[in-house]
Amino acid sequence: MLNTDKMTEQPSNTKPSSRTKNLVTAILISGWILSVLLILSIVSASVYLQTVYPGEPLPDTLREWSGISIGFLFGNFFTIIKEYVTANNDF
């Protein structure tokens with residue numbers, strides 16, 4: 001005869017371990033650092049071209065990338081990090 005008491009599911013613990021939290025935090029921080037480095041290189045290339053060749057317009061691609069990267073840095077990413085930090089503050 002089958003004992004059904006042992007087969008009932010136990011409620012799972014929904015809190016992740018501190019190791020998981022540290023891993024996710026490290027991934028987010030490293031992604032943020034890489035994003036900032038990429039953004040700084042795009043913006044510095046734009047500034048360099050404007051100072052070396054002041055009369056020349058920026059290439060369309062570089063101008064679009066500069067606008068997108070600055071918009072991403074100040075528009076989205078800080079908000080995402082802030083929400084992650086405040087949401088995971090209860091661990």
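This is a predicted model: local features need pLDDT of at least 70, side-chain atom pairs count only at pLDDT 80 or more; totals for chains, interfaces and linings use all residues.

Me: What share of the residues is buried?
Reply: Of the 91 residues of the protein chain, 14% count as buried, where buried means under 20% relative accessible area, exposed means over 50%, and partly exposed lies in between (1.4 Å probe, protein chains only).

Me: How many helices and strands are there?
Reply: The protein chain has two helices and zero strands, taken as DSSP runs numbered from the N terminus (helices are H or I with at least four residues, strands are E with at least two).

Me: What is the span of H1, compared with what is expected?
Reply: H1 has 35 residues and reaches 50 Å from its first C-alpha to its last, close to the 51 Å expected at 1.5 Å a residue, the expected span being 1.5 Å times one less than the number of residues.

Me: Which residues of H1 are buried, and what do they pack against?
Reply: Val36, Ile39, Ile42 and Ser46 are buried in H1, and the buried residues of H1 pack against helix H2 (60–87).

Me: Why does serine 46 count as buried?
Reply: Serine 46 counts as buried because its relative accessible area is 8%. Leaving aside neighbours within four places in sequence, serine 46 is in contact with Leu58, Leu62 and Ser66, contact meaning heavy atoms within 4.5 Å.

Me: And serine 66, where is that, and what does its side chain do with serine 46?
Reply: Serine 66 is in helix H2 and is buried as well, at 10% relative accessibility. Its side chain makes a polar contact with the side chain of serine 46 at 2.6 Å; a polar contact is a pair of N or O atoms within 3.5 Å, where within protein one must be able to donate a hydrogen and the other to accept it, and residues adjacent in sequence count only if both atoms are side-chain atoms.

Me: Switching topic, how many salt bridges are there?
Reply: The count comes to one salt bridge, defined as a side-chain nitrogen of Lys or Arg within 4 Å of a carboxyl oxygen of Asp or Glu. Aspartate 60 forms it with arginine 63, and the closest N and O atoms are 2.6 Å apart.

Me: How are aspartate 60 and arginine 63 placed along helix H2?
Reply: Aspartate 60 and arginine 63 are separated by about one helical turn, because they are three residues apart in helix H2. Aspartate 60 is exposed, with a relative accessible area of 52%, whereas arginine 63 counts as partly exposed at 44%.

Me: Last one: which residues make the nonpolar surface patch?
Reply: Ile29, Ile33, Leu34 and Leu37 make a nonpolar surface patch of about 380 Å². Patches are made of residues with over 30% relative accessible area and no salt bridge, with like charges joined within 9 Å and nonpolar side chains (Val, Leu, Ile, Met, Phe, Trp, Tyr) within 5 Å.

How values were computed:
Residues are numbered from 1 along each chain as its sequence is written. Side-chain values use heavy atoms; hydrogens and water are left out. Accessible areas come from the Shrake-Rupley method with a 1.4 Å probe; for residues, only the protein chains shown count as cover.
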